[in-house]
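Here's a quick briefing to read alongside the structure. Have the sequence and the 3D view open as you go.

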Amino acid sequence: MHTVFLRLRSIVFLALICVGVQAHASQNTLMIVGDSLSSAHGVQTEDAWVTLLKDRLEEEGLNQWQVVNASIGGETTDGGLRRLPKLLDENEPEVVIIELGGNDGLRGFPPNVIRQNLSSMIEKVNEAGAKALLVGMQIPPNYGQRYTRAFADIYPELAEKHETELVPFFLDGIYDQEGMMQDDDIHPTAEAQGQLLDNVWPVLEPMLRK
């Protein structure tokens with residue numbers, strides 16, 4: 001009788017371990033480290049592309065993914081790099097969307113500094129065992145052709161260097177369309193949030209299904 005009890009207890013113990021492992025495995029975290037383009041600047045939170053992303057995950061049967069939005073208005077690549085280690089430690093994400101650099105470009109920061117900060121962020125994400133998705137940005141041509149080109153080239157160069165997934169241009173189909181930009185000509189309107197998601201989704205979805 002004692003032997004039977006021990007066997008039953010072992011079976012129950014193993015079953016609990018399996019349940020615990022499955023529960024842990026099912027809690028996948030997608031973290032977004034961005035600036036005001038991802039922190040719902042000038043739009044209602046429920047209209048923002050990150051909220052629409054959560055809805056899309058439900059619709060596509062990917063509701064095992066939890067979205068953590070660590071975006072801050074005005075954030076730069078330097079600020080994102082400084083915050084990243086703690087964010088990785090606290091959230092333990094499997095996928096990290098890096099949507100930064102726009103504020104650096106608008107402030108005329110040196111391209112090599114922006115490149116190094118983003119490169120370091122990708123490396124830290126990889127070291128944490130997560131996968132990075134880099135979101136490309138461009139700046140207006142009034143900053144000069146040389147600087148504008150150098151800035152735009154940062155993203156594909158880093159994606160190739162680190163073999164990282166890339167959204168070529170976050171504001172594609174938005175920045176030059178009527179009614180899609182707010183009066184400051186920097187931030188997308190509520191009407192543009194769906195397009196932001198559509199620009200990210202084709203690259204993000206395969207990462208979430210692997």
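This is a predicted model: local features need pLDDT of at least 70, side-chain atom pairs count only at pLDDT 80 or more; totals for chains, interfaces and linings use all residues.

The protein has seven helices and five strands, and of its 210 residues, 46% are buried.

**Overall layout**
- Reading from the N terminus, the elements go α-β-α-β-α-β-α-α-β-α-β-α.
- Take the contacts between residues at least 6 apart in sequence: 76% of those join residues at least 24 apart.

**Helix H3 on its own**
- H3 covers residues 77-91, and its length checks out: at 1.5 Å a residue, its 15 residues should span 21 Å, and the end C-alpha atoms sit 20 Å apart, which agrees.
- There's a bend of about 40° at Leu84, and a proline, Pro85, comes within four residues after that.
- The buried residues of H3 are Thr77, Gly79, Gly80, Leu81, Leu84, Leu87 and Leu88.
- As a general point, an α-helix has 3.6 residues a turn, so residues three or four places apart point the same way.
- What do the buried residues of H3 pack against? Their partners are S1, strand S3 (95-99), helix H4 (102-106) and H5.

**H3 against H5**
- H5 spans residues 111-127, and its axis lies 9 Å from that of H3, at an angle of about 10°. Angles under 35 degrees count as roughly parallel, so H3 is roughly parallel to H5.
- On the H3 side, the contact is made by Thr77, Asp78, Gly80, Leu81, Leu84, Pro85 and Leu88. H5 brings Ile114, Asn117, Leu118, Ser120, Met121, Lys124 and Val125.
- By type, the residues of this contact split into eight nonpolar, four polar and two charged.

**Asn28 in strand S1**
- Asn28 is part of strand S1, which runs over residues 28-34.
- Is Asn28 buried or exposed? Its relative accessible area is 15%, so Asn28 is buried, the cut-off for that being under 20%.
- Leaving aside residues up to four places away in sequence, Asn28 touches Gln64, Trp65, Gln66 and Glu94.

**Asp153 in helix H6**
- Asp153 belongs to helix H6 (residues 145-162).
- With a relative accessible area of 24%, Asp153 is partly exposed.
- Asp153 and Gly136 are 17 residues apart in sequence, and their C-alpha atoms are 9.1 Å apart in space.

Technical notes. Residues are numbered from 1 along each chain as its sequence is written. Side-chain values use heavy atoms; hydrogens and water are left out. Axes are lines fitted to C-alpha atoms, for helices over the stretch in contact, and angles run from 0 to 180 degrees between N-to-C directions. Helices (H or I, at least four residues) and strands (E, at least two) are DSSP runs, numbered from the N terminus. Angles under 35 degrees count as roughly parallel, over 145 as roughly antiparallel, 65 to 115 as roughly perpendicular and the rest as oblique. Contact means heavy atoms within 4.5 Å. Ala, Val, Leu, Ile, Met, Phe, Trp, Tyr, Cys and Pro count as nonpolar, Asp, Glu, Lys and Arg as charged, and the others, Gly among them, as polar. Buried means under 20% relative accessible area, exposed over 50%, partly exposed in between (1.4 Å probe, protein chains only). The expected span of a helix is 1.5 Å times one less than its number of residues. The bend at a residue is the angle between axes fitted to the seven residues ending there and the seven starting there.
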